[in-house]
Amino acid sequence: MSLATEFKAFVMRGNVVDLAVGVVIGAAFGKIVSALVDNVIMPPIGLLIGGVDFSAWKWVLKAAGADGKGEVAIQIGVFFNSIIQFLIIAAAIFVVVKIINSMSKKAEEAPAAPPEPTTTEKLLTEIRDSLKK
């Protein structure tokens, strides 16, 4: 089997395709969560704390020069926003996994229907019932 054929078989497996779809959807979901945190959640929190804009919150290690360049700063607000984004994504994934697990448990808990009796068993049952009469 050639390398190209093996690679094609690997890529076309269901698990790899599912993983690729998951990564693409996850990236889009990450952008949605970023927009939610940056534009919806953090502004009211900043307002409640006293008008603090978390995205601009930083510790300046070296001030910018006269030309406005060369500032070295630790971006605490960006880090704080990332933590909140992570918590939202983790909570969403937890809920999805919880739902999937509950659905799979319900499918496992459903009892299987008893198997249909074979023709021999049916005949024997009829004979037994006839003999009882």
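## Salt bridges

In this predicted model, Glu71 forms a salt bridge with Lys58 (a side-chain nitrogen of Lys or Arg within 4 Å of a carboxyl oxygen of Asp or Glu), and the closest N and O atoms of the pair are 2.8 Å apart. The pair links distant parts of the chain, since Glu71 lies in the loop between strand 1 (59-62) and strand 2, while Lys58 lies in the loop between helix 2 and strand 1, 13 residues apart. Helices (H or I, at least four residues) and strands (E, at least two) are DSSP runs, numbered from the N terminus. Glu71 is partly exposed, because its relative accessible area is 38%, and Lys58 also counts as partly exposed, at 33%; here buried means under 20% relative accessible area, exposed over 50%, and partly exposed in between, with a 1.4 Å probe and protein chains only as cover.

The structure holds 3 salt bridges. Lys122 forms one with Glu116, with the closest N and O atoms 3.8 Å apart; Lys122 is partly exposed at 37% relative accessible area, whereas Glu116 is exposed at 62%. Arg128 forms another with Asp129, with the closest N and O atoms 3.3 Å apart, and here Arg128 is partly exposed at 44%, as is Asp129 at 34%. Side chains of opposite charge can pair when their charged atoms come close.

Asn81 is placed in helix 3 and is buried, because its relative accessible area is 6%. Leaving aside residues up to four places away in sequence, Asn81 touches Val37, Asp38, Met42, Phe54 and Ser55, where contact means heavy atoms within 4.5 Å.

Gln85 is likewise found in helix 3 and is buried, with a relative accessible area of 16%. With residues up to four places away in sequence again left out, the contacts of Gln85 are Val33, Ser34, Val37 and Asp38.

## A nonpolar surface patch

Ile45, Leu48, Ile49, Val52 and Trp57 form a nonpolar patch on the surface, with about 490 Å² of accessible area together. Patches are made of residues with over 30% relative accessible area and no salt bridge, with like charges joined within 9 Å and nonpolar side chains (Val, Leu, Ile, Met, Phe, Trp, Tyr) within 5 Å; accessible areas come from the Shrake-Rupley method with a 1.4 Å probe, and for residues only the protein chains shown count as cover.

## Helix 4

The 14 residues of helix 4 (residues 119-132) should span 20 Å at 1.5 Å a residue, and the end C-alpha atoms are 20 Å apart, which agrees; the expected span is 1.5 Å times one less than the number of residues. Helix 4 is hardly covered, the count of buried residues among its 14 residues being 0.

## Confidence and conventions

The mean pLDDT (the predictor's confidence in each residue, from 0 to 100) of the protein chain is 83, and 94% of its residues reach 70 or more. Confidence is lowest in helix 3 (residues 76-109), at a mean of 82, and highest in strand 2 (residues 72-74), at 90.

Residues are numbered from 1 along each chain as its sequence is written, and side-chain values use heavy atoms, with hydrogens and water left out. For this predicted model, local features need pLDDT of at least 70 and side-chain atom pairs count only at pLDDT 80 or more, while totals for chains, interfaces and linings use all residues.
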